[in-house]
Amino acid sequence: MEIEEILEKWSGGVYSVSIGACAEDGGSRKNTVRIGGQKSLPLLFKEGDIPNRPVIAFEIWDIPPQDWPEGLVSSYGKAPEDPLIWAQMCVKDFGARLLCLRLQGAHPDCGDKSPEECARFVSSLLEKVSVPLIIIGSGDDAKDNLVMPACSEAAKSERCLLGCATQENYKTLAASALADGHSIIAESPIDINIAKQLNILISDMGFALDRIVINPTIGALGYGLEYAYSIMERGRIAALSGDKTLSSPFICFTGQESWKAKEAKGGDKQGVIWEIITASSLIQAGADILVMRHPEAAKRVFGHISVLFGGNNSDH
Amino acid sequence: MFIIGELINGMYANIREAIKERDKKEIQKCALDQIACGADALDVNCGPLSKKPREDMPWLVETIQEVTDKILCLDSSNAGVIEEGLKAAKNGVIINSTTADKEKLDITVPLAVQYKTWLIGITIDKGGIPQNKDRRLEMAAAIVADCQEKGLPEERLYLDPIVLPVNVAQAQMKDILDSIAEFKLISPGIRTTVGLSNVSQGSRQRNLINRTFLTMAVAYGLDSAILDPKDSALMDALITAELILNKNIYCDSYLDAYRKK
């Protein structure tokens, strides 16, 4: 007996967001990265179009990383001592097509770099690498509200992805990103209601919903991964059912969360595995950007994406 | 909830006058206002006083189509009037309506099949208004069977249990609500609609009665309603009812969020 294949029909879809601007769009990037655009739950190719595969962004800092395990830092050799060299290494040696710069050096406890210094770093980075950039603040709201506008302006017209806006602190970042032609990351604490509310607040400022990327906040394997999974699944089902206020792609800071796990610190190999499992699981949940730390983990996850989505690209 | 705006109806003086004077602007404004307030489709009714409904209906359809491609719900008990509207319509149409009478079904169902429209089937026949739930279900089953036989896909049929004024038929309200839920037992794909404002006809607290009934009907699984989308308290109550039924994800600005859809 032939069994009929039951396929879900969806009325909505995820917005497609483009990161990076090439010369013809007024920027200086050599490539752009397009995410989102799905009309189906993750990997259910028969139910709807999935035009873009998940992408990996290599996380770099503007200062040598401070709390990263030794094995993680040394995977880049001595490069992290000079973040500009580190960035170039990600692109040249590891094939990164997207970088995520964390301006940790601006944090009052980590060097307290001035907005001007940070902006200069962003300008230098844009000169040294030609891939699109995600730029996120130090996590200190007051300082980020000074630093991010300067960095946004330094990267004007490069169509970066700037973060992270939160329900308590979104106006300054949204205004800068809007003025300088960037997209924005809206962060909510594993809470779909707040994710939705923040998207509305940001769109009320005049931001098009198709320029917002949701950071749903994730937990690593063993640290709330399944909560993140449920939240992302619920948001994605709402998007596919037509809720435009939740129809944004997801960015997941998998490296940051995975390397916090005590198991990850238990040995270099274990850390790599932790990051691979966390990232791979979140692909199933609908992650569009995976911000990763260990180049070996990134390589393995890239291979996994190639298996899932077919074909192969030589670059990440 | 699929919302059909009820305001383009010759029963209202401004519309009656606009039809008579062929005042396109008034009709188009009424169409756009309702859409701005959340209407997914627009009911089009020449009104009981129209002397030439077969001319008025296509004029209304053409006038509205100049400003929107929303679905039009052609509202007349006369199939000839509906057919004139169908000929003029360029976009989706709902035929409003057929009764459960065989001779009525024999005219309207083939029209719905031919023009690929939706059809509202009202559970009423020449025997009169049903006095209980069983009679409603019986007529609903007859309408469903007739549509199946004539080849109208189930998802193109809306069943209307015929809402009566609460000040006339108070004892029937619970039966009407139960019918909304039980129509789905005939076939789960069947959708339901109501002409909402009937419920408050002749009452003093019209808006309150409308929104209370709608809220309750949503809980009984109502899929669609013909209503006044410009009644913002009604729309707020509807959105909140759907929120409580977990049809949309909560956020503090859920009313705005719904309207952004």
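Reader: Which elements do the buried residues of H2(A) pack against?
Author: They pack against strand E3 (55–61), strand E4 (99–102) and helix H3 (115–128) of chain A. Buried means under 20% relative accessible area (1.4 Å probe, protein chains only). Helices (H or I, at least four residues) and strands (E, at least two) are DSSP runs, numbered from the N terminus.

Reader: What kind of model is this?
Author: This is a predicted model, where local features need pLDDT of at least 70 and side-chain atom pairs count only at pLDDT 80 or more. Residues are numbered from 1 along each chain as its sequence is written.

Reader: Back to H2, how many of its residues are buried?
Author: In helix H2 (residues 83–92) of chain A, 7 of 10 residues are buried. They are A:Pro83, A:Leu84, A:Trp86, A:Ala87, A:Gln88, A:Met89 and A:Cys90.

Reader: Now the two chains. How many residues does each put into the contact?
Author: Chain A gives 15 residues and chain B gives 9 residues, with contact meaning heavy atoms within 4.5 Å.

Reader: Which residues in chain A lose the most area to chain B?
Author: A:Asn193, A:Lys196 and A:Gln197, together 38% of what that side buries. Buried area is the accessible area (1.4 Å probe) that two parts lose on being put together, summed over both.

Reader: And which helices of chain A supply at least two residues each to that side?
Author: Helix H6 (192–204) and helix H7 (225–240) do. The largest share, 7 residues, comes from H6(A).

Reader: How many salt bridges between chain A and chain B?
Author: The count is 0, taking a salt bridge as a side-chain nitrogen of Lys or Arg within 4 Å of a carboxyl oxygen of Asp or Glu.

Definitions and conventions: Chains lettered and ligands numbered in written order. Heavy atoms only, no water. Buried < 20%, exposed > 50% of the residue type's maximum accessible area, 1.4 Å probe, protein only.
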